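Hello,

Here is the structure for your work. Please open it first; my notes follow below.

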Amino acid sequence: APRILSGMQPTSDSLHLGNYLGALVNWVTLQDEFDAYYFVADLHALTVPTDPAVLRARTRATAAQFIAGGVDPERSAVFCQSHITEHAELGWVMNCLTADGEARRMTQFKDKTAKGQNANVGLLTYPMLMAADILMYDAAFVPVGEDQRQHLEITRDLATRFNTRFGEALVVPEPYIVKGAAKIQDLQEPTAKMSKTGSSPKGLIDLMQDPAKIAKNIRSAVTDTDAEIRYDVDTKPGVSNLLVIHSILSGTPVPELEAAFAGRGYGDLKKEVADVVVAAVEPFQARMRELLDDPAELDRILASGAERARVVARATMERVRDRVGLLPSA
Ligand code: ATP
Ligand code: MG
C-alpha cells in the first residue's frame with residue numbers, strides 16, 4: 001500500500017476537537033487503505049518553551065490519544081519524532097535549501113509572531129523540519145488540513161529543488177484531501193481556527209476535559225445578534241462552527257440541521273451541540289484512562305513504532321548524505 005504520514009504536536013495536555021475532527025478521525029479511516037506512519041511531533045513542540053516534565057507527559061498523552069481515537073498500532077507505526085534522530089539531520093539539509101525570505105513568508109510564522117508569541121528560530125524553520133518529517137518516509141500522500149496546506153507546498157518545492165540540484169532522491173508528496181474534512185473554529189473567536197497554542201481555554205473544546213466543562217464552553221460560545229440559525233461562514237462564523245460540529249458528530253447534513261432548528265434559539269442549538277460532543281468524548285476518555293494506567297505498554301508501542309520508522313529513515317538519510325556530498329560515517 002502507498003505510504004501516508006501525519007503528525008501532531010504535544011503542545012497541550014489534550015487534543016482539541018479540531019485535531020480530532022480535522023485529523024484524527026481521518027487517520028483512523030486511512031489505515032485501511034495506506035501504510036500509515038503517525039508520529040508525535042515532539043521536536044516541533046520545542047518551539048514553544050515548555051517544562052521538560054510537562055513535555056514528557058504531553059508526549060505520552062498525545063500518543064495515547066491517537067490510540068484512544070482509533071489508531072491501531074499493530075497496523076500503523078506510532079512513534080515519537082525525536083526517537084528518529086534523522087529528522088533533525090534532514091531538517092538541517094532542508095534549512096540549507098531554503099531562502100531566508102521564503103521562510104519568513106510562511107503564514108503560520110507570520111500569524112504566530114503577529115500574536116506576540118516568542119519568535120525563536122525554531123518557529124521560523126518549522127516548515128523545513130516538517131518537510132524533513134514527510135520526505136524522510138517517501139510518503140506518497142500527506143493528509144493535510146487547510147492550516148497545513150502552505151507547509152506541504154514548501155515541502156513539495158524543497159523536494160523538487162533537492163532532486164533538481166542533486167539528482168532524484170526524494171519523493172514529491174501529494175496532498176491527500178480528505179473528503180469533507182472539517183475545520184473547527186475557536187469558540188470565542190470564530191474567525192480563527194481552534195488551536196492548542198493560539199486559543200484561550202474558553203475557545204477550546206479539549207477532548208480530555210471534564211464533560212461538564214466542555215458543555216459550559218459550548219454554551220458560552222460566541223454567536224451573533226440576529227438570532228437565526230443558518231450556515232454562513234462570512235456573516236455567521238460562530239453559528240456556522242456549531243452547525244459543523246453538530247453535523248459531523250451526529251451525521252446530520254447541515255441543511256437538515258438548519259431546517260430542524262428553524263425558529264428556535266441559539267440556546268437550543270448550543271445545548272444539542274454540547275450533548276453530541278459529550279456523547280463522543282465520553283468513550284474516548286474511558287479508553288484514555290486505560291492507556292494512561294499502563295505507561296510501560298505505551299512506551300513499548302512507541303519503541304516498536306520507532307523501530308519500524310527507523311528502517312526507512314536510515315535508508316533515506318544514507319541516500320541524502322551521499323547525494324549532497326557528506327562522507328559516509330562508517
Ligand atoms: P498548534 O497551535 O500547536 O499548532 P494545533 O491546534 O494547530 O496546535 P497541530 O498539532 O499543529 O495542532 O495539528 C494537528 C493536526 O490537527 C493537523 O493535521 C492539523 O491540520 C489539525 N488541526 C489543527 N487545528 C485544527 C482545526 N481547528 N480544525 C481542523 N483541523 C485542525
Ligand atoms: Mg498547528
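Start with the ligand. A polar side-chain atom of His16 sits 2.7 Å from an oxygen atom of ligand 1, a polar contact (a pair of N or O atoms within 3.5 Å). The protein covers 96% of the 600 Å² of accessible area that ligand 1 has on its own (Shrake-Rupley method, 1.4 Å probe). The backbone takes part too. A polar backbone atom of Gln9 is 3.0 Å from an oxygen atom of ligand 1. A polar backbone atom of Met194 is 2.9 Å from a nitrogen atom of ligand 1.

This is a predicted model: local features need pLDDT of at least 70, side-chain atom pairs need 80 or more, and totals for chains, interfaces and linings use all residues. Residues are numbered from 1 along each chain as written, chains are lettered from A and ligands numbered from 1 in written order, and side-chain values use heavy atoms, without hydrogens and water.

Now the shell. 20 residues surround ligand 1, each with a heavy atom within 4 Å of it. Among the closest are Ile184, Lys193, Ser195 and Thr197. Helix α1 (residues 17-30) gives the largest share, four residues. Helices here are DSSP runs (H or I, at least four residues); strands are E runs of at least two.

Last, the fold. The protein chain has 14 helices and five strands. Its C-alpha trace spans about 70 × 45 × 40 Å along the principal axes. Buried residues (under 20% relative accessible area, 1.4 Å probe, protein chains only) make up 49% of the 330 residues.

Best wishes

How values were computed
Polar contact = N/O pair within 3.5 Å; in protein donor to acceptor, adjacent residues only side chain to side chain. Buried < 20%, exposed > 50% of the residue type's maximum accessible area, 1.4 Å probe, protein only.
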